[in-house]
Amino acid sequence: MQRNVSRRFFLSGVTATASAAILAACGGETASTATTGAAAATTAPASAASAGAATAIRPAAAATTAPATGAATTAPAASAAAMPAASAVATGSAAPAAGAPAAGGVKAQYDLTGIKKGGTIIEGGTADVRTFNPVLQSDTTSGLLNGLIYDRLVDIDPDTLQPIPNLATKWEAGADGKSYTFTLKTGVKWHDGTPFTADDVKFTFDSYANGETGSARAGTMKLHVASVEAKDPQTVVFNLKDVVANFLVSEANYSIISKGAFGAVAPKDFRTNEFSTTKPLGTGPFKMKLYKQGENVTLAANPDYHRGAPALDTYIYKIVKDTTTILQQLKTGETDYAALTADVYDDAKKSANLNVVDYDTFSFVYYGYQLDPAKSTLFQDVKVRQALAYALDRETIVKRVLNGLGVVAQGTMPTLSWAYQPAKVTTKYTFDTKKAEQLLDEAGWKKGADGIRAKDGKRFSFSMWTFSGNKI
């Protein structure tokens, strides 16, 4: 799961927030962000582990520039402090000035004093939105846009990476650690003016857990959450099946949808409903203004946002055919800022009218195996999966494909995370073709006269799917 910790913070000019999206095949390859002149800023997405993360390449650089006010950010450093107790959490407060101590003694990296109000920012990207329903999202672009339209119970502080209040003003963990009681913020409205209540929260999480909706998080919900109860309009209780150490920054960080919008919609029809395709209804800082499939998404500021109106008037996500075109449009000023891939990094750095700043990220690139035996049996044998890991020259990928803007991953934790402990990873997949050959032999995949391996008359062959328009 990818969490873009600070992006909406800069677009709204309110407080730091988080948006979430699952990377479908490979993601997080962004090495830098370029802006034309003094455009808006973005920060690096934080990624959680995936099935293919053992073979991941985690870039070590991305970029941001300051908004017109001069307020800038860098990628947040992970706090090594233990997560604080979840009880008696106070309501969110104004963001500290840059350099001021944040929670846990971590220095704040942003300053909103004197921030410029109004205007439009255009972001360039190569992928269209798949859904405007966070329950259904499983791609990066949908997560970016939904992160501006919808809110969550709990956000993530970009400096400390600790949970902070959003739609919930406070929460309390049960004595056994298997329940959480959230008190909701009063006065929050959906974009159509109807009140946000605990019924919306219960409905949302029941929808996440319902596989008929097509939710990619149904498995996680069924594994961790026994039930969600709306005790009263402002109180929600999550009953967990066991102690879930990261609950506040995982499930509690899922976006909330409106029961009023989807309550009468059959779960199987979620994906095609207008609230998922063209008319999303959230509680977030931006509202849908216009969506032109394959062209752009235009969001307008929500003047009634419960944290205060955003600083921006309009945000536009512009869909561009490839990263080369994005760079060209940055140079001409047709696009204000964009996350760049490593293949255009050198060209961007040479452009006098672009601001390109590198910084470490929480991202990684990975591939995920098809493990559903009904669709493929090729990867069921662990030796096959291990062989492919040994056969991948990740050092060369980092140097030549990622232009040196990365490191080879060891384990499934980003290197910036306090949980990154490469010394404790017992199995390291170095580039070792002899080991790969040995494992495939042991798995019964023998080389034929044409040099292609086969087993039981079946050639070793598979397709890999990835993003269109992304040369990396």
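**Notebook: a predicted model, residue by residue**

I began with N403, which counts as partly exposed because its relative accessibility is 30%. The cut-offs I needed here are under 20% for buried and over 50% for exposed. I note for the record that this is a predicted model. I placed N403 in the loop between α10 (394-401) and β18 (407-408). I then looked up its backbone: N403 is not a glycine, yet it has a positive phi of about 60 degrees. Most residues other than glycine have a negative phi.

I found L161 to be a further case, with a positive phi near 65 degrees in a residue other than glycine. L161 sits in the loop between β7 (154-156) and β8 (163-165).

**Entry: the whole protein**

I looked up the totals next. How many helices and strands does the protein have? I noted 11 helices and 21 strands. The protein has 472 residues, and 51% of them count as buried. Its accessible surface comes to about 20,000 Å², and carbon and sulfur atoms account for 53% of that. I also looked at contacts between residues at least 6 apart in sequence: 69% of these join residues at least 24 apart.

**Entry: helix α3**

I took helix α3, residues 198-209, and checked its length. Its 12 residues reach 17 Å from the first C-alpha to the last, close to the 16 Å expected at 1.5 Å a residue. Which residues of α3 are buried? I listed A198, D200, V201, F203, T204, F205, S207 and Y208. An α-helix has 3.6 residues a turn, so residues three or four places apart point the same way. I then looked for the packing partners of the buried residues of α3, and found β10, α4 (218-224), β11 (225-232), β12 and α5.

**Entry: helix α7**

I went on to α7, residues 323-332, where T323, T325, I326, L327, Q329 and L330 are buried. At the start of α7, I found a side-chain oxygen of D322 within 3.3 Å of the backbone nitrogen of T324. After α7 comes G333, and I noted its positive phi, near 85 degrees.

I located N253 in the loop between β12 (235-240) and α5 (259-262). Is N253 buried or exposed? N253 counts as buried because its relative accessibility is 0%. I compared N253 with V154: the two are 99 residues apart in sequence, but their C-alpha atoms are 5.3 Å apart in space. I also found a polar atom of the N253 side chain 2.8 Å from the backbone oxygen of V154.

**Entry: aromatic rings**

I turned to the rings and recorded 22 aromatic pairs in the structure. A pair of aromatic rings is described by the distance of the centres and the angle of the planes.

I then looked up W445 and F460, an edge-to-face pair with 5.0 Å from centre to centre and 85 degrees between the planes. W445 lies in the loop between α11 (433-442) and β19 (446-447), and F460 in the segment after β21 (458-459), so the pair ties together parts 15 residues apart in sequence. Both W445 and F460 are buried.

Which residues form it? I wrote down W171, Y180, F182, F205, Y208, F238, F247 and Y254. F205 and Y208 of this cluster are also among the buried residues of α3. For Y254, I noted that R217 lies over the face of the ring, at 5.7 Å from the ring centre.

Terms used
Residues are numbered from 1 along each chain as its sequence is written. This is a predicted model: local features need pLDDT of at least 70, side-chain atom pairs count only at pLDDT 80 or more; totals for chains, interfaces and linings use all residues. Side-chain values use heavy atoms; hydrogens and water are left out. Helices (H or I, at least four residues) and strands (E, at least two) are DSSP runs, numbered from the N terminus. Buried means under 20% relative accessible area, exposed over 50%, partly exposed in between (1.4 Å probe, protein chains only). A polar contact is a pair of N or O atoms within 3.5 Å; within protein, one must be able to donate a hydrogen and the other to accept it, and residues adjacent in sequence count only if both atoms are side-chain atoms. Rings of Phe, Tyr and Trp (its six-membered ring) pair if their centres lie within 6.5 Å; planes under 30 degrees apart count as stacked, over 60 as edge-to-face and the rest as tilted. A charge sits over a ring if NZ of Lys or CZ of Arg is within 6 Å of the ring centre and within 35 degrees of the ring normal. Contact means heavy atoms within 4.5 Å. Accessible areas come from the Shrake-Rupley method with a 1.4 Å probe; for residues, only the protein chains shown count as cover. The expected span of a helix is 1.5 Å times one less than its number of residues.
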